[in-house]
Amino acid sequence: MTTEIQSNGTPGYLVASDFDQTLSFNDSGYVLSEMLGISDFQKKVAGLSRSNLVHQGAELAYLLRHDPEFRSVRREHLVEAGRRVRLKDNVEILAEVLRGDLEGNRFRFFVISASPREVVRSALEGIVPPENVFGTEFGYDPSTGEISSILRASAGYGKIAVLQDLELKLKSSPDRTVYIGDGSSDLYVMHHVNSHDGHTIAVSETKSIGRVAQRTVLSENALSVLVPILEDILGWDAHRIRELFTSYGLALRDWDKIRTDWLTFHKAPTPFVLNQAAVSHASQNPQRTSA
Ligand SMILES: [Mg+2]
């Protein structure tokens, strides 16, 4: 498979990553709100989320277009917010590793975020080329600079639309797609990637996403997502992976592999009825009971 890719020059794997809390520590909406002195951003997001009016992740885009408190936002504010976003450690090395040649395998790294494109491009300036960064696109009023429309929101289903466009443009087969994300805005796209035999990696403990993603990696270091890529896709062992990190001047200190089953119990309300149901079931299926 790898030989075929190398000989015809088509891209090997498409790696698409979410931005907020996947490559960064905080949602860029909080950073922007803090910058503008808007204190009830979280409340506004929670209200929108409850109403199901917009796809999860698109709350900031909606507020920027429709909330009076955000009316003063101009393009330069978004760019400045991006500069203030705190990235996870070694995002630049992650991008560099994926740009390189991993034993003849080629990876193309893209970022697909529901956040404003200006914010994410600014945050990743010099790390990921702007043309590889997709975010929600706004139209601006030419006379006032005010946000006048949402041209394309890359949240929820919108992430699938961006991914499919990319796969088409790069002639990349969906089973060669890797998607990395942390939250509910990534659920649709992860289901989509899974159903096309691609690879999904979660980087948070959020149960909804952990249930869908094939692998979960928890770390403050962005390089951690390379572990499932190298193990599951390239078949590398732990020794080879440690060697790669060492070649970038990094030593892996702790690497715990834990399979977690999340369980909660509560007292059964009517144990007698349940027992009766079990007896009744057993009497109707005698051969299964005796087996
Ligand atoms: Mg996120």
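This is a predicted model: local features need pLDDT of at least 70, side-chain atom pairs count only at pLDDT 80 or more; totals for chains, interfaces and linings use all residues.
Helices here are DSSP runs of at least four residues, numbered from the N terminus.

**Asn 52.** Select residues 41-51, helix H3, and 59-66, helix H4; Asn 52 sits in the loop between them. Its phi is near 55°, which is positive although the residue is not glycine. Most residues other than glycine have a negative phi. Asn 52 has 8 other C-beta atoms within 10 Å, so it counts as exposed, the limit for that class being 12 or fewer.

**Gly 37.** Gly 37 is exposed because its count of other C-beta atoms within 10 Å is 7.

**Lys 171.** Move to the loop that runs between helix H8 (157-169) and strand E5 (177-181), and pick Lys 171. Lys 171 also has a positive phi, near 55°, in a residue other than glycine. With 9 other C-beta atoms within 10 Å, Lys 171 is exposed.

**The core.** Finish at the largest nonpolar core, which has 62 residues. Select Val 15, Leu 64, Leu 94, Val 111, Val 225 and Leu 226, the members that touch the most others. Then colour strand E2, residues 107-116, which gives six residues to this core, the most of any element. Which residues is Val 15 in contact with, leaving aside its neighbours within four places in sequence? They are Leu 98, Phe 107, Arg 108, Phe 109 and Val 178.

Terms used:
Residues are numbered from 1 along each chain as its sequence is written. A nonpolar core is a set of buried Ala, Val, Leu, Ile, Met, Phe, Trp, Tyr and Cys residues joined through C-beta atoms within 7 Å. A residue is buried if 20 or more other C-beta atoms lie within 10 Å of its own, exposed if 12 or fewer, and partly exposed in between; C-beta atoms are placed from the backbone. Helices (H or I, at least four residues) and strands (E, at least two) are DSSP runs, numbered from the N terminus. Two residues are in contact if their C-beta atoms, placed from the backbone, lie within 7 Å.
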